[in-house]
Amino acid sequence: MDEYQDHSLGGKVFQKIRSDILNGRYKENDELRENTIGKELGVSRTPVREALRQLELEGLVSIFPNRGAYVTGISNKDVWDIYVIRSFLEGLCARWASEHITEEQLVELEETIVLSEFQINRESGGSPDQITALDGRFHAALYEASGSRILCKVLTDFHNYVKAARKSSVDSEERARRSIREHRQILRAIRERDGEMAEQLANEHIMHVMQNLKKQGY
């Protein structure tokens, strides 16, 4: 993420609107009115306009002269394309993590899996939101462990783009349990510094997610 997106007022507005689009608060073809968003966030129209231009560069918003800004969003094809690309990059990430991961990062991944297992083994079957959040935490820690700032940035963006799909990918207890088992297998390979196995397991993990998404019409 660049300096603009991290620190400026426009960057903070950008993050808020982006999150609202990816979380589904704003739907495809919704109009994004500068005045309305500015009042809601307590800012002038200028940072809102800056944010909308940045979102247009990301492909999440389309701006039409004399008409306004409208949500483009992430289509089902976009989601599928992202997962196809991730199926390659996640494997590379796991391979590099097996080479660069620190003891502290190993502990964080282990703790995340333990918390995931605790959630799924609760009498209620666990909270889907909690399980999704822990799934995201595992992948975020894995990206960081790759030791590559660029790869971490790319995969983090992809991960954010498919928030809704990620939630549906662990919609059943059976799939959630399988996903957690796959995370543990990936971690075991990384801990053993077996880059080839870590890459294979991470690739297969994303392929299994894709199989599940296909059943849901993606």
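Modeller: Happy to! The expected span of a helix is 1.5 Å times one less than its number of residues. Please keep in mind that this is a predicted model.

Colleague: How far does helix α7 reach from its first C-alpha to its last?

Modeller: Helix α7 covers residues 128–145, which is 18 residues. At 1.5 Å a residue, a span of 26 Å is expected. The model comes close to that, as the reach of α7 from first to last C-alpha is 26 Å.

Colleague: Which residue just after α7 takes a positive phi?

Modeller: Let's start inside the helix, where buried residues include I131, L134, F138 and L142. Just after α7 comes a residue whose phi is positive, at about 80 degrees. That residue is G147.

Colleague: Which helix gives the most to the patch of negative charge on the surface?

Modeller: The patch gathers E104, E108, E111 and E144. One of them, E111, is partly exposed because its relative accessibility is 42%, and E111 has its place in helix α6. With 3 residues in the patch, the biggest contribution comes from helix α6 (residues 103–120).

Colleague: Is L22 buried or exposed?

Modeller: L22 is found in helix α2, residues 9–22. Its C-alpha is separated by 8.9 Å from that of L60, 38 residues apart along the chain. Buried means under 20% relative accessible area. L22 has 9% relative accessibility, so L22 counts as buried.

Colleague: And what separation do the C-alpha atoms of I74 and Y161 have?

Modeller: I74 sits in the loop between β3 (68–71) and α5 (76–100). It is partly exposed, with a relative accessible area of 29%. I74 and Y161 are 87 residues apart along the chain, yet their C-alpha atoms are separated by 7.1 Å.

Colleague: Let's turn to charges that pair up. How many residues apart in sequence are the parts that R18 and D157 tie together?

Modeller: A search of the whole structure finds 17 salt bridges, and one joins R18 with D157, with 3.3 Å between the closest N and O atoms. R18 lies in helix α2 and D157 in helix α8 (residues 149–161), so this pair links parts whose distance in sequence is 139 residues.

Colleague: Are R18 and D157 buried or exposed?

Modeller: The cut-off for buried is under 20% relative accessible area. R18 falls in that class, and D157 does too: both are buried.

Colleague: Why are K77 and D81 separated by about one helical turn?

Modeller: An α-helix has 3.6 residues a turn, so residues three or four places apart point the same way. The side chains of K77 and D81 meet in a salt bridge, 2.8 Å from N to O. At 56% relative accessibility K77 is exposed, while D81 is partly exposed at 30%. The two are about one helical turn apart because their spacing in helix α5 is 4 residues.

Colleague: Last one: which residues are linked in a network of salt bridges?

Modeller: A salt bridge needs a side-chain nitrogen of Lys or Arg within 4 Å of a carboxyl oxygen of Asp or Glu. Such bridges link K16, D20, R25 and E40.

Note on methods: Residues are numbered from 1 along each chain as its sequence is written. This is a predicted model: local features need pLDDT of at least 70, side-chain atom pairs count only at pLDDT 80 or more; totals for chains, interfaces and linings use all residues. Side-chain values use heavy atoms; hydrogens and water are left out. Buried means under 20% relative accessible area, exposed over 50%, partly exposed in between (1.4 Å probe, protein chains only). Patches are made of residues with over 30% relative accessible area and no salt bridge: like charges are joined within 9 Å, nonpolar side chains (Val, Leu, Ile, Met, Phe, Trp, Tyr) within 5 Å. Accessible areas come from the Shrake-Rupley method with a 1.4 Å probe; for residues, only the protein chains shown count as cover. Lys and Arg count as positive and Asp and Glu as negative; His and the chain ends are not counted. The place of a charge is taken as NZ of Lys, CZ of Arg, CG of Asp or CD of Glu.
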